[in-house]
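Visitor: I'm new to this one. Can you walk me through it?
Guide: Happy to. Here it is.

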Amino acid sequence: MKNSLFLLGFIVGLGACSSGQKAQTIDAKTFQNLIDTLPDEVVVDVRTGPELVGGVIPQAIHMDYNSPDFEKQIAKLDKNKPVLVYCATGGRSANAGELLLEKGFKKVYNLDGGLNGWRAAGYSTAIVAQ
């Protein structure tokens with residue numbers, strides 16, 4: 001338990017020291033640990049609408065990275081709250097994370113492997129009602 005808390009503190013500290021260039025890419029276990037331990041994080045799914053049918057990480061909000069109003073959508077988020085971002089495989093969310101940092105967000109974490117990595121690590125998804 002002490003090692004897990006140390007690792008979590010170390011990872012959160014790294015995010016605080018971000019140079020503003022890239023979102024910190026983290027594995028599914030660390031992503032879940034941050035969801036469980038951060039008091040005010042925002043989880044953002046940046047996939048397209050049709051991709052949501054395959055499931056989402058519980059509590060995630062949808063903001064399509066390819067949408068023309070993506071920047072307007074992220075402008076509604078609190079820049080001081082940690083943002084955990086994911087897509088299908090990690091590419092779009094890495095780009096979205098860079099944009100969030102450029103826009104002044106303080107802590108941004110990208111899920112390594114995206115939702116595919118999440119599932120491969122054994123985590124479940126929620127079904128989206130249509």
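Visitor: What do β4, helix α4 and β5 make together?
Guide: They make a right-handed β-α-β unit, with α4 covering residues 91-102. Right-handed means that, with the strands pointing away from the viewer, the path from the first strand over the helix to the second runs clockwise. Helices (H or I, at least four residues) and strands (E, at least two) are DSSP runs, numbered from the N terminus.

Visitor: What kind of model is this?
Guide: This is a predicted model, where local features need pLDDT of at least 70, side-chain atom pairs count only at pLDDT 80 or more, and totals for chains, interfaces and linings use all residues. Residues are numbered from 1 along each chain as its sequence is written, and side-chain values use heavy atoms, with hydrogens and water left out.

Visitor: Back to α4. At what angle does it run to β5?
Guide: About 175°. Helix α4 lies across β4 and β5. Axes are lines fitted to C-alpha atoms, for helices over the stretch in contact, and angles run from 0 to 180 degrees between N-to-C directions.

Visitor: How many helices and strands are there?
Guide: The protein chain has 5 helices and 5 strands. Along the sequence, the pattern is α-β-α-β-β-α-β-α-β-α.

Visitor: In what order do the strands sit in the sheet?
Guide: The order is β1-β5-β4-β2-β3, in an open sheet with parallel pairing. Two strands pair if DSSP finds at least two bridges between them.

Visitor: Which strands stand at the edges?
Guide: β1 and β3 (61-62) do. Each has a single partner strand, so one side of each is left without a neighbour in the sheet. For β3, 2 bridges join it to β2 (residues 42-45). Asp 45 has His 62 in β3 as its bridge partner.

Visitor: Which strands does α2 touch?
Guide: Helix α2 packs on the sheet and touches β1, β2, β4 and β5. Its direction makes about 140° with that of β4.

Visitor: And β5, are its faces covered or open?
Guide: Both faces of β5 (residues 108-111) are covered. Val 108 and Asn 110 are buried on one side, Tyr 109 and Leu 111 on the other. Buried means under 20% relative accessible area, exposed over 50%, partly exposed in between (1.4 Å probe, protein chains only).

Visitor: New topic. Is Gln 32 buried or exposed?
Guide: Gln 32 is buried, because its relative accessible area is 17%. This residue is in helix α2 (residues 28-37). Gln 32 touches Trp 118 and Tyr 123, not counting residues up to four places away in sequence. Contact means heavy atoms within 4.5 Å.

Visitor: What about Glu 71, in which helix is it found?
Guide: Helix α3 (residues 70-74). Glu 71 is partly exposed, with a relative accessible area of 42%. Leaving aside neighbours within four places in sequence, Glu 71 is in contact with Leu 99 and Lys 103.

Visitor: How far apart are Glu 71 and Leu 100?
Guide: 29 residues in sequence, and 8.8 Å in space, C-alpha to C-alpha.

Visitor: Last one: what percentage of the protein chain counts as buried?
Guide: 42% of its 130 residues.
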